[in-house]
Each structure stands twice: as C-alpha cells, then as structure tokens.
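Here are my notes on the model, for you to read beside the coordinates. Please check each point against the structure.

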Amino acid sequence: MSTSQPPNIVMILSDDHGYGDASCYGGPHVQTPNIDRLAASGVRFTQFYANSPVCSPSRAALLTGRYPDTVGVPGVIRTDPGHSWGYFDPAAVTLPTMLRRAGYHTTIVGKWHLGLEEENHPLRRGFDEFRGFLGDMMDDYFTHMRDGHNFMREGYETVDPEGHATDIFTRWAVETIRTQAAAETPFFLYLAYNAPHTPIQPKPEWVEKVRAREPEASDQRVRYLALTEHMDEGIGQVLDALEAAGVAGNTLVVYASDNGGEERAGACNDPWRGQKGDVYEGGIRVPCAATWPGHIAPGRVDATPGLLMDFFPTFCAAAGVAVDHAIEGQSMLPLLEGEPMDMSERTLYWVRREGGGAFGRFMTGQDYHAVRQGDLKLLHNSPYSELEMFNLAEDALETTNLVREDDPDFDRLRSAMQARIQAGGGVPWQKRE
C-alpha cells in the first residue's frame, strides 16, 4: 500500500480498564508491554477522558463525535429493556459512515453495546463487516452467553465460536488486517474488547503467570491482571499483524478505555479518586495512547485534555473527510502531529443515567453530570448528591469542595452544565413505537 494513500486506522477500545492498570501509567503489579510499546512509539495522554463513567455512552460518543445524550445514549443500553437507558439515534452520523466516503473498508470486531434493534445493527450503522458480540456484557468469556442468549455474530448470522472471547476477537482482528492489507483501499478497524470487564474470568495459565510474578497481590487483583494482560498480548498480536502485512508505517493506531476500572473487580484507578460509575477522575480519566509513524513523534507524553468523541473528527481529518454536520468533538490531529492546542476555553461534559442493578438501584432512572472548564470541574456524583467543585491543578485528588453560592466560577460552570443538559434533553433515549 502506498503511503500517499490515507492511513489505515485501528481503534482499540478496552472495557473498564483502569488508569493505573497499564504499566506505562505506573500501575501496581501490572505488566502491559504491548500497550507500553504502542505508547513508546507515539504519544501517551495523561488527561484523556472517556465520555461517560459507563460503557454505552462512551461508545456512542466515540462513533458519533457527539456528547452521548445528544444521540440518545445517556446511560447503558442493556439487553433487558427494564434496565436499559438509551436508544442510539438512527439519524446520528457514525464514524464508519464518514470514512466510507473516503473509500475506507470498515470493520468492527468485538463488543457493540449500542442496541439490538434492526436499525442499530452495526451493518446498518456504517460498518461493512461485523464480527463480535451484539449485546452488553458477557456472562461467560467461554460460552459467550448473556442471560441465556447467544449474541455472538458474524454479520447478521448467529455464531458459536470456541474459545475465550479475548482470543476470538484478537484472531478476528488479525484476520481482518491480513485481508484488508492486501486490498487497494484503506481500512478502518474498530477492535472493542470485552476485557477486562466482569466477570473476571481469565484463562488459568494467565492466572498462574501473574500469581508467580506478584505473590503479594490479592487473589482478585491477580485475576483482574490476568484478564488484562491476556488482552495486552492480543494487542501485541494486532501490532505484529500490521507489521507483518507491511502496513504499520501507514496506520494510525489508538488505544483507550471506555471508562475507569471497577475496584471491587480488582481494578486500580490510581492516583485518582473514584472508579467506574463515578464522575470523579477515577471513573472517567482513562489510559490512552496513539502511534502513527512519520506523524506522531515517539516517546511523547501529553497533558492536553481530550475525550473519546474527539477521535471522530481526528480520524476524519486524517482520512481527508470533511465533517459537514454539527459535532462537539474536536480534531486532535494537529496535537498528534506535534502542534500545541489550547483547550483552556473548552467545556468538557459527562453524563450518566441509571436505574437498577449493582450500581444504580438508588438512582431510579435519573442522571448525574460533570463539567470541566480549564482546571475547574463541577460535578454531582449521584442524581441526589450536592454539587462539588474542584481545582484539578491544585487538587487533582478532588478532596476540597470549592462550591460557594457567590462564586462567579461556580455560576459559570453551573450555567455550562445546565446548557449541556438542555442540549441533550431534546433527544429521546427510549425507542418510540
């Protein structure tokens, strides 16, 4: 493939991978040589955020460049309608749809988690190929079942592949790279692992490997790390496949997580406060790294704040596709290529609606939010908790609440939060029959 062509794009998204659960972020006990390899060959971000502290909203934001409530996904879309808090707006323009305008072949491998409706099947939302899990979480990494149903698909066909889901998704991703590298057109591969989401069900040999190396770690921590490091090995196979196919030099590869880690499952979000489900930093600040030979200088560490939705315009810009509709995401392509970007005036916003289940039984279908402008962040960490404001430059661990009624900073952030809530209020989050 000629390097005069637009780059291939590989977006790798993990599920519930804590900020402190990659060794390049200084996490305890963990070894992730392939995430580290990706970061060392490009840029590693230290203030990168998921768009929500839970799965579906972040995925909707990544694929649309929009805040998730503006595309109908303020909360988790589940296979159980009684506990589902989103309906992915069929009118929302998706990233693969945009890239197809530039001749890209588009593939999703892994977890979809944006609805079971016919109109929201990945092949109806811009992807040429889908090999993965249509539902939300798996109840078992080996049987791939959810509530007694098989949601594994190749296209529209239900399939029952053998093996651990991480291995299956890695194999399918490598096969996609080998096939598409020989084609005349660039490709977009969205590889969405289920790992290291619960159930924490690693392969036994990985548990033995981590336990032998980390005798002081708790059993839960060892099992979580085994699931994570198994995924990291899969990422290494993907990077190796790009090199073996001769396309690594013209491929933009990004790694990120959809939200923070679940601490009771063994995750570590250090040094930040909070975990998955929280809009404190531990629930939304995630590991993120990108590599693109000849465009991203190796070994960079960047503290510019960004969000998953920013990859929509970034990938479009790299592909030479003009975004001709309104989005909230901002292209980071200049930043990737070494130009500083001033984000100090930008408003960052997070939302989650929830009810029922382990995390949401006291939320009754209500939502909660956070906004950040510059170093100031305003949040309420449940629908019924009071507002808190923190200066992240002086208090990154979010320990000192600065809210005062007569404070102009508080009024400014409160107004920004209200404006974003109003913007999302006009989009239904349940399907109208």
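Contact here means heavy atoms within 4.5 Å.

1. Basis. This is a predicted model, so local features need pLDDT of at least 70, side-chain atom pairs count only at pLDDT 80 or more, and totals for chains, interfaces and linings use all residues. Residues are numbered from 1 along each chain as its sequence is written, and side-chain values use heavy atoms, with hydrogens and water left out.

2. His144. Start with this residue, found in the loop between β5 and β6 (145–146). Strands are DSSP runs of E, at least two residues, numbered from the N terminus. Is His144 buried or exposed? His144 is buried, because its relative accessibility is 0%. Buried means under 20% relative accessible area, exposed over 50%, and partly exposed in between (1.4 Å probe, protein chains only).

3. Surroundings of His144. Leaving out residues up to four places away in sequence, His144 touches a set including Phe133, Met138, His149, Phe151, Asp160, His164 and Ile168. A polar atom of the His144 side chain also lies 3.2 Å from the backbone oxygen of Tyr141.

4. Salt bridges overall. The whole structure holds 36 salt bridges. The criterion is a side-chain nitrogen of Lys or Arg within 4 Å of a carboxyl oxygen of Asp or Glu. One network links Asp15, Arg59, Lys111 and Asp258.

5. Arg131 and Glu154. Their side chains form a salt bridge, 3.3 Å from N to O. This pair links distant parts of the chain: Arg131 sits in strand β5 (residues 129–133) and Glu154 in strand β8 (residues 152–154), 23 residues apart. Arg131 counts as buried because its relative accessibility is 15%. Glu154 is partly exposed, at 33%.

6. Two further pairs. Arg146 bridges to Asp147, with the closest N and O atoms 3.9 Å apart. Arg146 is buried at 13% relative accessible area, while Asp147 is partly exposed at 48%. Arg124 pairs with Glu118, the closest N and O atoms being 3.3 Å apart. Arg124 is partly exposed at 45%; Glu118 is exposed at 60%.

7. Second largest pocket. How many residues line the second largest pocket? There are 14, with Arg78, Pro81, Ser84, Gly86 and Glu117 nearest its centre. The lining divides into six nonpolar, five polar and three charged residues. Asp, Glu, Lys and Arg count as charged; Ala, Val, Leu, Ile, Met, Phe, Trp, Tyr, Cys and Pro as nonpolar; the others, Gly among them, as polar.

How values were computed: Helices (H or I, at least four residues) and strands (E, at least two) are DSSP runs, numbered from the N terminus. On a 1 Å grid over the protein atoms alone, a cavity is a set of points where a 1.4 Å probe fits but cannot get out, and a pocket is an open set with protein on both sides within 12 Å along at least five of seven lines; lining residues have an atom within 4 Å of a point. A polar contact is a pair of N or O atoms within 3.5 Å; within protein, one must be able to donate a hydrogen and the other to accept it, and residues adjacent in sequence count only if both atoms are side-chain atoms.
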